[in-house]
Amino acid sequence: MTGAVEAVEVGIIMGSRSDWETMRHASETLEALGVAHECKVVSAHRTPQRLYDYATGAVGRGLKVIIAGAGGAAHLPGMTASMTRLPVLGVPVESKALKGMDSLLSIVQMPGGIPVGTLAIGKPGAINAALFAASILATTDAALAERLDAWRAKQTNDVADTPE
């Protein structure tokens, strides 16, 4: 996830270990772009002190963006955003009961004053959260901007001209 020398710039947090199936896609995308990151389980409901310590200490530890994935009641992104000035990108994890709509609505309906950038449900949201985090970092990191441009160019070039 991160080399010993690189400073960790992105934190990926999730409400439970079962969310890793979704959130690993954010980690893999950041890895492919060479963005130093960490991955932690931080539950808003079951480990509130861990959440408090993580969110309030994020700036001091050098993080620049936090990606928070959560399912069901999905309080993790909003609670994290309420305790840090860093951009928080919320990824709704698909739930069994409502297919992630509950997660999406819990994350996207933040009160004015506590912003959370909310992405799509599941794997696409995790990938896009990583790309969004990289885009934020690329505003001040020319080497990352080049890698991100190359990623996007490859994506464009990989689209076939014909259906067969």
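**Ser 16 and the cores**

Reply: Leaving out residues up to four places away in sequence, Ser 16 touches Val 41 and Arg 46, where contact means heavy atoms within 4.5 Å. This is a predicted model, where local features need pLDDT of at least 70, side-chain atom pairs count only at pLDDT 80 or more, and totals for chains, interfaces and linings use all residues. Residues are numbered from 1 along each chain as its sequence is written, and side-chain values use heavy atoms, with hydrogens and water left out.

Me: Is Ser 16 buried or exposed?

Reply: Ser 16 is buried, at 17% relative accessible area (buried is under 20%, exposed over 50%, partly exposed in between, with a 1.4 Å probe and protein chains only).

Me: What does the side chain of Ser 16 make a polar contact with?

Reply: The side chain of Ser 18, at 2.8 Å. A polar contact is a pair of N or O atoms within 3.5 Å; within protein, one must be able to donate a hydrogen and the other to accept it, and residues adjacent in sequence count only if both atoms are side-chain atoms.

Me: Switching topic: which residues touch the most other members in the largest nonpolar core?

Reply: Val 10, Ile 12 and Ile 67, out of 24 residues. Such a core is a set of buried Ala, Val, Leu, Ile, Met, Phe, Trp, Tyr and Cys residues joined through side-chain atoms within 4.5 Å.

Me: And what does Val 10 contact, beyond its neighbours within four places in sequence?

Reply: Among them are Leu 30, Val 35, His 37, Ile 67, Ala 133 and Leu 137.

Me: What's in the second core?

Reply: That one is separate and has 18 residues, including Leu 51, Ala 68, Ala 70 and Val 88.
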